[in-house]
Amino acid sequence: MLIALNDKEELIHASKVEEKIQKKASFYCPDCKNSVFLKNGKLKIAHFSHFNQTNCLAFSEGETKEHLQGKQLLLDWFVKQGFVCQLEAHLPDLNQRPDILVWINQTKAIAVEFQCSPLPVKRMQERTDGYKTKGYEVFWIVGSQFKLTDRVTAFQRLFIYSNAYIRRSLFFLDVPNKKFFVYSNIDHQNLTQEIEYDRVTIKLNQLMLSNVSSVVKELANKNRIRKNRIVPQPKELIKSHDYLNQGRMYQNPEMVSFQKYIYQRGDSLISLPIEVYFKVQGQLLIRTLPHFWKYILLKWLTNKYIGSIINLKELDNQLNKMLVDKTVIFYTMPLLTIEEQKKPFYEYVKLLVTVDILMETKTNQWMLKRKPYYYKNEQEKISSFKNVHSLFN
């Protein structure tokens, strides 16, 4: 911990303790009130630690050098931007201490947590829910163990965040280089789980408050650009089709379940319409095979009569039914609302409007305009995939 109580019950920062009083002064944990001592060595920055093993829940023992330095680095940067901050603030109604509490204005505060080591899913969810229940927005920032590479791990998924401006984002702090990375628009690039994303780098010793808004605008603009890339490429569709065939050959359990489901409804991997293969933004949020949930939703929409009207309430009822039936399963992502995780379904509806299966008659209301085509053989299907651009003209 970087903060402790002195004999006068004043909060004092470890780096502010004068050398001449270090051995004489007494310090106490702000949470459990047990005695702590000052560590001021060469390997870690000055910090306090409990004398013995403790049941103190607010401060875990053995904070790493990265965690201690990262908290201080973030605190210094927020203060430079003009924010009122409190390090290791005690929130008595939650019995929690965020690494930093940042006051955006007089009534709104954000809890900032810098996570450098593994954390049980249940504990992360409890802490996140606790903050939200009491009206705090929470930002989790990950350390060096969890830097994004070419795939998203189950643990990294826990920390993916979205708001009105940035979608599917992961915040990473590079402590040694004093850099903060925002990975945004994270999504599956293909069916092998490889990912694509946009990245913005913030140098903590250079960026001033006037530039923060420009960073948010840059991320929002990149999100708009990605949304406009809706026309699938023939090679992507063919690769997706091959993926289904390979899964069938190797008896992949998920593929077997999907194949059984469509056979029971008179379809096969060959007959599946091209719309089942369309990629939508946000597949990263959904554990279910993308072809599977698209098939179910498409079947539900197009089993109606031509000219039928579907509204948002009916669509949501169908999505909720799919969740209850477990024909669609979301990944565990505590920072995202259920509404956020449903967005890929709405994106899919927009795609169906683009290819004239649906027509938007007014906001959040659609009419079934035509039914999808189910293929008769492999050659016909591949030929259609190669001419996919004609659907989007």
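This is a predicted model: local features need pLDDT of at least 70, side-chain atom pairs count only at pLDDT 80 or more; totals for chains, interfaces and linings use all residues.
Helix α1, which covers residues 65-80, should span 22 Å for its 16 residues at 1.5 Å a residue, and the 23 Å between its end C-alpha atoms agrees with that expectation.

**Helix α1**

- Buried residues of α1 are Glu66, His67, Leu68, Gly70, Lys71, Gln72, Leu73, Leu74, Leu75, Trp77 and Phe78.
- After α1 comes Gly82, a residue whose phi is positive, near 95°.

**Aromatic pairs and their surroundings**

- The count of aromatic pairs comes to 23, and one of them joins Phe146 and Phe155, whose rings lie 4.6 Å centre to centre with 40° between the planes, a tilted arrangement.
- The rings of Tyr373 and Tyr375 have their centres 5.5 Å apart, and because their planes stand at 80°, where over 60 degrees is the cut-off, the pair is classed as edge-to-face.
- A cluster linked by ring pairs is made up of Phe139, Tyr161, Phe171 and Phe180.

**Charges over rings**

- The face of Phe181 has Lys147 lying over it, at 5.7 Å from the ring centre.
- Arg265 is placed over the face of Tyr261, at 3.6 Å from the ring centre.

**The largest pocket**

- The largest pocket holds about 1200 Å³ of space, and its lining is made up of 46 residues, of which His188, Gln189, Glu236, Lys279 and Val280 are the closest to the centre of the pocket.
- Elements that each supply at least two residues of this lining are the strand β11 (179-188) and the helices α4 (209-227), α5 (234-249), α7 (290-302) and α10 (343-354).
- Helix α5 gives the largest share of the lining, with eight residues.
- Sorted by class, the lining of the largest pocket contains 15 nonpolar, 15 polar and 16 charged residues.

Key
Residues are numbered from 1 along each chain as its sequence is written. Side-chain values use heavy atoms; hydrogens and water are left out. Rings of Phe, Tyr and Trp (its six-membered ring) pair if their centres lie within 6.5 Å; planes under 30 degrees apart count as stacked, over 60 as edge-to-face and the rest as tilted. A charge sits over a ring if NZ of Lys or CZ of Arg is within 6 Å of the ring centre and within 35 degrees of the ring normal. On a 1 Å grid over the protein atoms alone, a cavity is a set of points where a 1.4 Å probe fits but cannot get out, and a pocket is an open set with protein on both sides within 12 Å along at least five of seven lines; lining residues have an atom within 4 Å of a point. Grid points are joined across faces, edges and corners, and a volume is the space filled by probe spheres set on the points. Helices (H or I, at least four residues) and strands (E, at least two) are DSSP runs, numbered from the N terminus. Ala, Val, Leu, Ile, Met, Phe, Trp, Tyr, Cys and Pro count as nonpolar, Asp, Glu, Lys and Arg as charged, and the others, Gly among them, as polar. The expected span of a helix is 1.5 Å times one less than its number of residues. Buried means under 20% relative accessible area, exposed over 50%, partly exposed in between (1.4 Å probe, protein chains only).
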